[in-house]
Amino acid sequence: MFRTSAARRASRLARNFATVVDTAGVKVAAVDNGEATSAVTFLVKAGSRYQNKPGVAHALKNFAFKSTSKRSALGTIRESELYGGVLSSSLSREHLALTAEFLRGDEPFFVDVLSSFLTNAKFTRHELQEYVAPVCESEATAAAENPASRAVELAHILAFRQGLGAPLFSTADNHVTVDYIKDFASSAFTKDNVAVLGTGVSQETLSKLVEQSLGSLASSGSLSSPASTYFGGETRVDSHHGPQTVFIGFGKTGAFSPELAVLSSHLSPQPSLKWSKGLSPIVAEIPETASVQTVLLPYSDASLFGLLVQGQTTEDVKAAGKAAVAALKEAGNVKGEELKRAIAKAKFAIASSAEGRNGLIATLGPKVLSGAASTLEDTLSSLDKVQASALSQATASLLKTKPTYVAVGDISALPYADELGL
Amino acid sequence: MFRTSAARRASRLARNFATVVDTAGVKVAAVDNGEATSAVTFLVKAGSRYQNKPGVAHALKNFAFKSTSKRSALGTIRESELYGGVLSSSLSREHLALTAEFLRGDEPFFVDVLSSFLTNAKFTRHELQEYVAPVCESEATAAAENPASRAVELAHILAFRQGLGAPLFSTADNHVTVDYIKDFASSAFTKDNVAVLGTGVSQETLSKLVEQSLGSLASSGSLSSPASTYFGGETRVDSHHGPQTVFIGFGKTGAFSPELAVLSSHLSPQPSLKWSKGLSPIVAEIPETASGQTTEDVKAAGKAAVAALKEAGNVKGEELKRAIAKAKFAIASSAEGRNGLIATLGPKVLSGAASTLEDTLSSLDKVQASALSQATASLLKTKPTYVAVGDISALPYADELGL
């Protein structure tokens, strides 16, 4: 990937969307580090949080690059391949991202492909039936069959109920129709809801292209989502394949909290050297056949923090869960060198996630969309400033909230929340 | 069914297993009201509560009347049909009941059929694979597809965890083998775990037959279950067919409580006259237009039900009398038929106490308004058991219903 080497380059590679240009109402930000390929991402506030009917956001994401007034679906595929480009769409709970990666110089075509989905997609019924619905069904099934993702999905439902708790995936039982999708698209695809992010393109080129193609979008739409509230709760779901799984989560409202990131990296059993045990306080206590992961999911106005415990047997999960909860309760007392280690680990995690293209968009894109210019340095320096007292306060207030406890596997044998010390 | 009519009979029909005779270690009780048919039930403490591996009790119940050392499965069926009898087995969380109904005079054969399952069942692997496992699977699936029974099953798991919370049904994933079943059967089929109940047979005949056939059983076994504890909890399960369902439960430990029965009959929306609204405090609050299909309906009805439950502690006077009368009638009429009689009074025989219906009914009569409100208050203080089956994103949560 890209390495900063003083010998080779005098100036730092730009890792920021420092300049956000308002182009006819749409936020455009680009950074050009001289890569061989370019990429443009249209980031839309059309995540599952904003859907008015369950499953619509997922269906909209899978409708990307199907027929528009300008090109048929097949035409889009053929032309993109002729140019040597790669198209993709992805969905998170808050954002829909449409990305095109291509060779330098092909910006006009690919910006046009992405824009036409926003301005004149056809959303035909036969495409829904033949292409979109089966893909939705298979993605939903794959997520449901994986106990870890199923547990995290259920945790969101319990933790946030509406908004961030809306189901991410769409199944056949949702009976999504093209009319629902059209409704959702027309309220989501407005100028104030879209940000265009480019890497390997120049700001001027991108702004000019966006002005041309997105000029016809409506200025503002009716899409909104009430502010998140954290509830918490407990549930157990039967599953017969995959490891026994338990998710122990806590939530808080408010913007990204550096204390939470430091807490997460302090507990995270992921070692810095593969196959070593690492220095996490959890690892020392859990059985060899069990695994614990920390999960930190920050959203724009809430965060979900949790421990994902997995094992082959429910006894392993129970032992590992107890150890993890005990370590979490102790984590508030971290200070001195341990605190430094946790801060360094958190900084590295965020910095390295912004190395690649996808990571850069995922980390900094949402801030562009919400209107603030954002740099990686801001985030990293906020982590540096975390004090031991602030960390212990944040941990204590987190533990006071109602936990979100999800058990996936053999529900008669998996532990209950009170058996793990919650 | 049987009606007590002063004009026709001078004496009351016996509705009790008043005399329990200890026959070589096995409790035997019989009552004979001169019915045309007879029935004998072997009640065994082998419910899902006592199973050591999930699903074994269900498999054992479905193994009833398969091959024994004496008769093949086919032979059992043919001989029973030649006699004109009906065999059945049923499972509850605490008991396994094996029942034979037959014409008067055929007691020896049918007591022998029932006993041979206890003493010398073969539990062959091919029968498990070909007959028992598919029946277990289909019964489990039928229960899981019904949102109401699924909700109640999950409620048990949350409420009691072990013992009474053990799963009632057996699915393929339990991987039950004949060895597990043999183990369970040998620890459950002991003399102190079995009661023999007969209707339409005389006590002496039944005792003699039981002494002959169950004499070889072990005296006491190793089956035990720790005392129940009530926990409570919450869970939501996705389901795409059937009505949206929510179960709001509370539990208590201890023997049968007449106050709880009166509370239940006070709130029960089941009307005494079909198609009428009835006098339950819940029914007045549920919207008329509620179809019951949507989660909004469930939310409104749930709120009304919880509110009525909280108010129910204040019942007194005529309302209390109504509730007591309804509870008495429910229990009395459930003991009218054969199955109901065994279900209501059988367990008490098994636990060693002679039991009469009158005892239960008079305990209901003695329920006071103060005792009822106390029982309701302590019930509401426990952690509720809340199960939602249906569209989990839309169904209400426990705190949205006022719990």
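Modeller: A:E94 lies in the loop between β4 (86-91) and β5 (96-103) of chain A, strands being DSSP runs of E with at least two residues and helices runs of H or I with at least four, numbered from the N terminus. This is a predicted model, in which local features need pLDDT of at least 70 and side-chain atom pairs count only at pLDDT 80 or more, while totals for chains, interfaces and linings use all residues. Residues are numbered from 1 along each chain as its sequence is written, chains are lettered from A and ligands numbered from 1 in the order in which they are written, and side-chain values use heavy atoms, with hydrogens and water left out.

Is A:E94 buried or exposed? A:E94 counts as buried because its relative accessibility is 6%; buried means under 20% relative accessible area, exposed over 50% and partly exposed in between, with a 1.4 Å probe and protein chains only. Leaving aside residues up to four places away in sequence, A:E94 touches A:V44, A:K45, A:A46, A:G47, A:R49, A:Y50, A:L164, A:Y299 and A:S300, where contact means heavy atoms within 4.5 Å. With A:S300, the side chains form a polar contact at 2.6 Å. Such a contact is a pair of N or O atoms within 3.5 Å; within protein, one must be able to donate a hydrogen and the other to accept it, and residues adjacent in sequence count only if both atoms are side-chain atoms.

As for the wider setting, the domain assignment, automatic or from a database, divides chain A into domain 1 (32-213) and domain 2 (233-420). To the contact between them, domain 1 of chain A gives 31 residues and domain 2 of chain A gives 31 residues.
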